[in-house]
Amino acid sequence: MKGICNEKRRIFVSDKCPDSVPVMEIITRENLDIEMVNITESMINLRGFLKYRDSDEFFAQTREEGLVGIPVLMYGDGKMFAWIDEESKILE
C-alpha cells in the first residue's frame, strides 16, 4: 500500500448499510482525510459507485454473489480498491 496511500481516498458507503455505519462513524470521529460517498444519498452517488462496481474486476465476486459491494475504499480514480470494516488499519 505504500505510495498509493498518498493518493486521494474515497469510500463508498450507505447510511442504510449495517456494515457501513460503524465505518462512517470512525471516519467522522477521527476526522480522517477520506471523502465519504453515501451511495443511497443521491442517484449521482449511486451511479458513480456503480460505474466502478459493474466494470472493475475487483468486484467480480461481489457481482457474482449479487452483493452491493460496500463499504469499499477507492484510491485515486479507481486505481485500486480495498474492502473496509471497522477494524481496518487502512483507515489510520
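**Entry: proline 71**

I looked up proline 71 and found it in the loop between α3 (60-65) and β3 (72-75). Helices here are DSSP runs of H or I with at least four residues, strands are runs of E with at least two, and both are numbered from the N terminus. The peptide bond from isoleucine 70 to proline 71 is cis, and its omega is near -5 degrees. I noted beside it that most peptide bonds are trans, and that most residues other than glycine have a negative phi.

Before going on, I wrote down what kind of model this is: it is predicted, local features need pLDDT of at least 70, side-chain atom pairs count only at pLDDT 80 or more, and totals for chains, interfaces and linings use all residues. Residues are numbered from 1 along each chain as its sequence is written, and side-chain values use heavy atoms, with hydrogens and water left out.

**Entry: asparagine 31**

Next I turned to asparagine 31, which lies in the loop between α1 (20-29) and β2. Its phi is positive, about 50 degrees, although asparagine 31 is not a glycine. Is asparagine 31 buried or exposed? I found that it counts as exposed, because its relative accessibility is 67%. The cut-offs are under 20% relative accessible area for buried and over 50% for exposed, with partly exposed in between (1.4 Å probe, protein chains only).

**Entry: arginine 10 and its surroundings**

I found arginine 10 in strand β1 (residues 9-13). Arginine 10 has a relative accessible area of 17%, so it counts as buried. Which residues does arginine 10 touch, not counting those up to four places away in sequence? My list reads Ile34, Glu35, Val37, Val72, Leu73 and Met74; contact means heavy atoms within 4.5 Å.

The side chains of arginine 10 and glutamate 35 are also joined by a polar contact of 3.2 Å. That term covers a pair of N or O atoms within 3.5 Å; within protein, one must be able to donate a hydrogen and the other to accept it, and residues adjacent in sequence count only if both atoms are side-chain atoms.

**Entry: salt bridges**

How many salt bridges does a search of the whole structure find? The answer is five. A salt bridge puts a side-chain nitrogen of Lys or Arg within 4 Å of a carboxyl oxygen of Asp or Glu. I reminded myself that side chains of opposite charge can pair when their charged atoms come close.

One of them joins the side chains of lysine 8 and glutamate 35, at 3.8 Å from N to O. This pair links distant parts of the chain, since lysine 8 is in the segment before β1 and glutamate 35 is in strand β2 (residues 35-38), 27 residues apart. Lysine 8 is partly exposed at 47% relative accessibility, and glutamate 35 is partly exposed at 37%.

Aspartate 15 forms a salt bridge with lysine 16, where the closest N and O atoms are 3.4 Å apart. Here aspartate 15 is partly exposed, at 42%, while lysine 16 is exposed, at 63%.

The side chains of arginine 29 and glutamate 30 also meet in a salt bridge, at 3.3 Å from N to O.

**Entry: the nonpolar cores**

I looked for the largest nonpolar core and found 11 residues in it, among them Phe12, Cys17, Val37, Phe49, Ile70 and Phe81. Such a core is a set of buried Ala, Val, Leu, Ile, Met, Phe, Trp, Tyr and Cys residues joined through side-chain atoms within 4.5 Å. The elements that give two or more residues to this core are α2 (43-53) and β3. Apart from it lies another core, of 10 residues, including Val23, Ile27, Ile34 and Ala82.

**Entry: the whole protein**

I counted three helices and four strands, and from the N terminus on the elements run β-α-β-α-α-β-β. The radius of gyration is 12 Å, close to the 12 Å that the globule rule gives for 92 residues, so the protein is as compact as a globular protein of that length. This radius is taken over C-alpha atoms, and the rule is 2.2 Å times the number of residues to the power 0.38. Of the 92 residues, 42% count as buried.
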